[in-house]
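Have the model open as you read.

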Amino acid sequence: MEILLLIGLVLVGLSLIAIEIYVVPGMNVVGILGLLVLIFGVGYAFNANGLVGGLFTLGGTIALGGGMLYAMWKSGAWEEFVLATSMIPGRELPEASQDN
C-alpha cells in the first residue's frame, strides 16, 4: 500500500508541475505546490523504505521528471515562456534559433 502512496505522490507532483507549465504559466503557486509534493513523496520514501527505497524513488522521480520536461521541450511548450516582443517601444528582440 505504501508503494501506491509513493507513486501517487510523485505522479501528483509531476502533474501539478505540468499544469503549471501548460495551463497557468507564471502563477508559480501550482508549480511550487507540485515541487513540495515531490519533496514530501521522496522524503516519505526515505522514511518508510530506508535508503535503498528512497534512492530508487529519487531516481525514478528524476527520470520521470526529466522525461516529462524533455517531452515538453520537444512539444514547444517552452515557447510560451519566451518573450516575443520587447516592452521598450521601438526596440526589436533578436530572433531565437530553432534547433529542432
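## How the helices cross

At roughly what angle do the axes of helix 1 and helix 2 cross, and within what distance do they come? The axes of helix 1 (residues 2-22) and helix 2 (residues 29-75) cross at roughly 25 degrees and come within 7 Å. Axes here are lines fitted to C-alpha atoms, for helices over the stretch in contact, with angles from 0 to 180 degrees between N-to-C directions. Helices are DSSP runs (H or I, at least four residues), numbered from the N terminus.

Helix 1 and helix 2 are therefore roughly parallel to each other (the label covers angles under 35 degrees). By class, their contact has 26 nonpolar, nine polar and two charged residues.

## Where the numbers come from

This is a predicted model, so to speak plainly: local features need pLDDT of at least 70, side-chain atom pairs count only at pLDDT 80 or more, and totals for chains, interfaces and linings use all residues. Residues are numbered from 1 along each chain as its sequence is written, and side-chain values use heavy atoms, leaving out hydrogens and water.

## The core

Val10, Leu14, Ile17, Ala18, Ile21, Leu38, Met68 and Met72 make up the largest nonpolar core, eight residues in total. Such a core is a set of buried Ala, Val, Leu, Ile, Met, Phe, Trp, Tyr and Cys residues joined through side-chain atoms within 4.5 Å. Helix 1 gives the most to this core, with five residues.

## Thr57

Thr57 sits in helix 2. Thr57 counts as buried because its relative accessibility is 14% (buried means under 20% relative accessible area, with a 1.4 Å probe and protein chains only). Leaving aside neighbours within four places in sequence, Thr57 is in contact (heavy atoms within 4.5 Å) with Leu6, Val10, Val42 and Ala45.

Terms used
Helix = DSSP H or I, 4+ residues; strand = E, 2+ residues; numbered from the N terminus. Parallel < 35°, antiparallel > 145°, perpendicular 65-115°, else oblique. Nonpolar A, V, L, I, M, F, W, Y, C, P; charged D, E, K, R; others polar. Buried < 20%, exposed > 50% of the residue type's maximum accessible area, 1.4 Å probe, protein only.
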